[in-house]
Amino acid sequence: MEASLECLECILRQTLRAARIAGDDVDKQRQALDGVAKEIPFMNLKRSPAELSLGAYQLVNQIYNTCDVYKAMKIEQNKMALCLENELEELVRKSTAPLATAIRLAAAGNIIDLGILQAHEINPHEAIQHVLNGPLAIDHTELFLRDLEHCGELLYLLDNAGEIVFDKILIRELNKHTRVTAVVKGAPIINDACMEDAEQTGLTAICEVIDNGGPFIGTPVSLINPYLVKRMESADIIVGKGQGNYETVDDFNGNVYLLLKIKCEIVSRHSGAPLGSAAFISTRKRVCDCEG
């Protein structure tokens, strides 16, 4: 997915948010904004929004002399989500369609978006019930279940800390049908899940977990570890969580499914799903529908 002019504005907002999380020094916050603003004229809109925003987070880390602005937040996100794990498992156990329910719960994890909201602003039970009881804006679950019958290896591209617990519920169900490998970030970036988050939440105990080779938002194929690119090319199914993965693998030449909440107008227009809705999108089916 290519960026747009609105993405440049968004990158500045992301910069200020990250700088404010890093510290209260207004001069440093201004320094971060000024530094990113200088780079905007050189940002190539042919690249994905996720790629273009990487420099903003790197600059904030440099100014505040840290490698992980969001570390404390991620630990709390994981703890909060782990408190829901038994309840999530029970919902799947009681379901007449456990795998479909687990997909919905993973979508709920992206809806809650623990990286944007503060703990006191989140009503996880409301989000869970909303996604379980309402339709997905785009729902290719039936196609996914058919593809899964012939799947030898599934690659699961993770999104955020906290949300990773919801993904764990789905991965546990997927393990009954195929071999799953989960992919975390190779270094801290925003509140995205890294290997320590996979360990903290127990994901490493139920499937293979590898990293993407660096602090990359989503899974930008031109930047990630070449080993991961080969794994993506050989995987029978790829599941990508969140907007970062939507932006970076929506045009990957593979059997890709994207599970996310639509959080901005740009992704809404590109996907055809309403702003604020949840979707489970097969990129192959989308291409076929367009050609049809």
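Mentor: Let us begin with a term. A pocket is an open set of grid points with protein on both sides within 12 Å along at least five of seven lines. Please keep in mind that this is a predicted model.

Trainee: How much space lies in the second largest pocket, and which residues line it?

Mentor: The second largest pocket holds about 170 Å³ of space. Its lining consists of Gly35, Val36, Glu39, Phe42, Met43, Arg47, Leu52, Gly55, Ala56 and Leu59. Helix H2 (26–39) and helix H4 (54–63) each contribute at least two residues to that lining. By class, the lining comprises 6 nonpolar, 2 polar and 2 charged residues.

Trainee: What is the make-up of the lining of the second largest cavity, by class?

Mentor: For the second largest cavity, the lining has 4 nonpolar, 4 polar and 1 charged residues. They include Leu157, Val183, Lys185, Asn212 and Asn245. The space in the second largest cavity is about 30 Å³.

Trainee: Ile190 was named in the lining of the largest cavity. Is Ile190 buried or exposed?

Mentor: Ile190 has a relative accessible area of 18% and is buried, as the cut-off for that class is under 20%. Ile190 is located in the loop between E3 and H11, and its phi is near 50°, a positive value in a residue other than glycine. Asn65 also has a positive phi, near 55°. Asn65 lies in the loop between H4 and helix H5 (71–82), and with 73% relative accessibility it counts as exposed.

Trainee: Where around a helix do its buried residues lie, and which residues of helix H9 are buried?

Mentor: An α-helix has 3.6 residues a turn, so residues three or four places apart point the same way. In helix H9 (residues 141–148), the buried residues are Thr141, Phe144 and Leu148. They span an arc of only 60° around the axis, which places them on the same side of H9.

Trainee: Let us turn to the sheet. What is the order of its strands?

Mentor: The sheet is open, with 7 strands in the order E1-E7-E6-E5-E2-E3-E4 and mixed pairing. Strand E1 (138–139) and E4 are at the edges with a single partner strand each, so one side of each has no neighbour in the sheet.

Trainee: How many bridges join E3 to E4?

Mentor: Strand E3 (residues 179–184) and strand E4 (residues 208–211) run parallel and are joined by 4 bridges. Val183 has Ile210 as its bridge partner in E4. Together with helix H11 (residues 195–200), E3 and E4 form a right-handed β-α-β unit.

Note on methods
Residues are numbered from 1 along each chain as its sequence is written. This is a predicted model: local features need pLDDT of at least 70, side-chain atom pairs count only at pLDDT 80 or more; totals for chains, interfaces and linings use all residues. Side-chain values use heavy atoms; hydrogens and water are left out. On a 1 Å grid over the protein atoms alone, a cavity is a set of points where a 1.4 Å probe fits but cannot get out, and a pocket is an open set with protein on both sides within 12 Å along at least five of seven lines; lining residues have an atom within 4 Å of a point. Grid points are joined across faces, edges and corners, and a volume is the space filled by probe spheres set on the points. Ala, Val, Leu, Ile, Met, Phe, Trp, Tyr, Cys and Pro count as nonpolar, Asp, Glu, Lys and Arg as charged, and the others, Gly among them, as polar. Buried means under 20% relative accessible area, exposed over 50%, partly exposed in between (1.4 Å probe, protein chains only). The arc is that of the directions from the helix axis to the C-beta atoms. Two strands pair if DSSP finds at least two bridges between them. A crossover is right-handed if, with the strands pointing away from the viewer, the path from the first strand over the helix to the second runs clockwise.
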